[in-house]
Amino acid sequence: MKVIKVSCILLLLVGAYACITPPEGFPSIPEISFNNLEYVETNEADSLIVTINFKDQEGDLGLNPRDIDPPFNELIYPRDQNGQLITYRNRPPGAPSFNNRDWIISPLINNVRVNDTIWVQENPDYYNIFIRFFIKRSGQYTEFDWSAPPYFTTFNGRFPRILTDDRDRAIEGQIRYAMLSLGWNSIFRNDTIRLEIQVQDRQLQRSEPVTTPDFTLAQIQRAR
């Protein structure tokens with residue numbers, strides 16, 4: 001749950017931009033393909049940047065900061081059999097131990113402050129771009145799970161609305177998605193990795209995944 005980030009391990013910011021042109025006869029479900037990868041070191045957080053090409057028939061790609069009403073709400077609040085919020089004191093068997101992803105302290109729910117520690121779950125539809133990481137060792141790919149300890153985070157994120165109105169228009173272009181972290185080198189060092197990427201439109205239609213080529217950070221590093 002991207003509620004509070006683990007700052008000693010990872011500081012995550014997400015940026016994206018898109019450029020568009022209006023074609024004809026494009027798919028209703030977003031279609032994407034890989035374009036480019038870059039790794040940029042700075043004096044602060046380093047940036048892993050993936051660029052993808054996209055096509056979409058309706059042009060309903062992107063979410064703005066105000067798009068937080070269902071189905072785009074960030075969090076889901078599980079409830080017990082009596083319909084009550086689940087607190088850490090009264091957590092059921094199988095509930096996670098305390099961490100900054102699964103539990104939130106004193107949340108504001110329906111404009112009411114709840115002065116307790118509440119179990120929350122991530123709503124996947126809050127995001128519109130989904131990133132999975134895989135490490136290649138001995139020819140086999142193993143997923144690197146950012147949601148697991150000690151990271152408790154995600155590199156899924158949002159890019160803004162590409163069109164400023166809700167009229168259906170076929171579009172194509174590129175999305176450049178930047179993932180900022182203090183931990184790229186310390187985590188991956190010389191590992192061979194690849195990314196799997198999907199995007200989702202506002203009808204909750206998700207593209208087929210696209211996979212990057214294998215890479216190391218050194219291979220895609222760009223001069224400052």
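This is a predicted model: local features need pLDDT of at least 70, side-chain atom pairs count only at pLDDT 80 or more; totals for chains, interfaces and linings use all residues.
Let me begin with L195, which, leaving aside residues up to four places away in sequence, touches L37, L48, V50, I131, R132, F133, M179, V210, T211, T212 and F215, where a contact means heavy atoms within 4.5 Å. Residues are numbered from 1 along each chain as its sequence is written, and side-chain values use heavy atoms, with hydrogens and water left out.

L195 is also among the residues with the most contacts inside the largest nonpolar core, together with L48, F133, M179, W184 and F188, and that core has 34 residues. By such a core I mean a set of buried Ala, Val, Leu, Ile, Met, Phe, Trp, Tyr and Cys residues joined through side-chain atoms within 4.5 Å, and buried means under 20% relative accessible area, with exposed over 50% and partly exposed in between, using a 1.4 Å probe and protein chains only. At least two residues of this core come from each of β2 (31-40), β3 (46-56), β10, β12 (171-181), α1 (184-188) and β13, where helices (H or I, at least four residues) and strands (E, at least two) are DSSP runs numbered from the N terminus. There is also a second, separate core of seven residues, including L75, I104, V114 and I118.

One of the contacts of L195 is T212, which sits in the loop between β14 (210-211) and β15 (221-222). Is T212 buried or exposed? It is buried, because its relative accessible area is 4%, and its contacts, again not counting residues up to four places away in sequence, are F34, L37, V50, R194, L195 and I197.

Turning to the strands, β3 has nine of its eleven residues buried, so it is largely enclosed by the rest of the structure. Strands β2 and β3 run antiparallel and are joined by nine bridges, with a hairpin of five residues leading from β2 to β3, and within this pair F34 stands opposite I52; two strands count as paired if DSSP finds at least two bridges between them. Strand β3 is also antiparallel to β12, through eleven bridges, and there D56 has I171 as its bridge partner.

Now to the backbone in the loops. The peptide bond from P149 to P150 is cis, with omega near 0°, and P150 lies in the loop between β11 and β12. F152, found in that loop between β11 and β12 as well, has a positive phi of about 50° although it is not a glycine, and F152 is buried, at a relative accessible area of 19%.

Finally, the pockets. A pocket is an open set of points on a 1 Å grid over the protein atoms alone, where a 1.4 Å probe fits, with protein on both sides within 12 Å along at least five of seven lines, and lining residues have an atom within 4 Å of a point. Of its 13 lining residues, I68, N73, E74, Y77 and L108 are the closest to its centre.
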